[in-house]
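Here is a short report on one protein chain. Look at the structure first, then read on.

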Amino acid sequence: MRTILFDAAPPEDDACRQGLDALRRALTDEGCSVRTFTLGRMAISPCRGCFACWIGTPGRCPFEDASREAAQAVAGADLLAVYSPVDFGCWSSEAKKALDRMVCLVSPHFAFSGLTRHRPRYASLPALLGVGWLAEPDPEAAGVFARLVEHNAYNLHAPAQRAVLLERDDWSRQRQVCRSALRGMFQ
């Protein structure tokens with residue numbers, strides 16, 4: 001399974017990076033070929049909201065930075081896995097910036113099926129696995145994060161989605177949580 005991993009783990013946070021390592025291992029255990037984009041090392045500007053990627057240069061952001069390569073990789077993938085620390089139930093700024101730049105993958109035209117969203121630009125887009133890192137248990141943040149990933153998946157026309165939160169735990173337990181989420185997505 002062609003998998004793109006958006007790594008938004010801060011390099012100095014060893015506990016958070018342990019969860020990332022558990023996710024990577026779970027992905028390879030489940031047979032995924034993983035291409036990683038380490039977001040903290042990439043020059044990705046915030047989306048300017050100009051919508052040129054919808055009309056002027058359909059499917060491609062007119063501003064050249066690392067998001068172009070990331071969007072192209074995501075468009076051809078079976079799975080997009082996003083790993084990020086979670087604050088107040090939301091993605092880190094690095095992860096949000098990268099996800100915002102994926103807007104070029106959907107059409108500017110709207111469709112209504114209970115909720116309004118953009119039509120898909122491509123015949124298929126990848127499933128979305130959102131894996132967040134919480135330093136301490138926080139049920140409210142967990143609920144917000146699950147809804148956020150669900151809505152991200154809806155907007156990106158992901159055929160399957162899961163949200164997982166990892167906390168300070170044994171590495172093998174974190175790995176098992178990620179493996180279970182992956183299996184649950186594709187059953």
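Is E30 buried, partly exposed or exposed? E30 is partly exposed, with a relative accessible area of 27%. Buried means under 20% relative accessible area, exposed means over 50%, and partly exposed lies in between (1.4 Å probe, protein chains only).

This is a predicted model, so local features need pLDDT of at least 70 and side-chain atom pairs count only at pLDDT 80 or more, while totals for chains, interfaces and linings use all residues. Residues are numbered from 1 along each chain as its sequence is written, and side-chain values use heavy atoms, with hydrogens and water left out.

**Salt bridges**

A salt bridge is a side-chain nitrogen of Lys or Arg within 4 Å of a carboxyl oxygen of Asp or Glu. Side chains of opposite charge can pair when their charged atoms come close. The whole structure holds 14 salt bridges. The table shows some of them.

| Pair | Closest N to O |
|---|---|
| R183 and E30 | 3.1 Å |

D78 sits in the loop between α2 and β3, R2 sits in strand β1, and they are 76 residues apart. Helices (H or I, at least four residues) and strands (E, at least two) are DSSP runs, numbered from the N terminus. D78 is partly exposed at 31%. R2 is partly exposed too, at 46%.

R24 lies in helix α1 and D7 in strand β1, so the pair ties together parts that are 17 residues apart in sequence. R24 is partly exposed, at 30% relative accessibility. D7 is buried, at 1%.

R183 forms a salt bridge with E30. R183 belongs to helix α5 (residues 171-185), E30 to the loop between α1 and β2, and 153 residues separate them. Shared partners join R25, D29, E30, R175, R179 and R183 into one network of salt bridges.

**Strands and a crossover**

Strand β1 (residues 2-7) and β2 run parallel, joined by six bridges. Two strands pair if DSSP finds at least two bridges between them. T3 has V34 in β2 as its bridge partner. From β1 the chain passes through helix α1 (residues 14-29) to β2, in a right-handed β-α-β crossover. Right-handed means that, with the strands pointing away from the viewer, the path from the first strand over the helix to the second runs clockwise.

**Two positive phi values**

Most residues other than glycine have a negative phi. F51 has a positive one, near 65°. F51 is in the loop between β2 (33-38) and α2 (67-75) and is partly exposed at 44%. Phi of F88 is positive as well, near 55°. F88 is in the loop between β3 (79-85) and α3 (93-100) and is exposed at 79%.

**A loop residue**

E136 lies in the loop between β6 (127-133) and α4 (139-155). E136 is exposed, at 55%. R168 is 32 residues from E136 in sequence, yet their C-alpha atoms are 7.4 Å apart.
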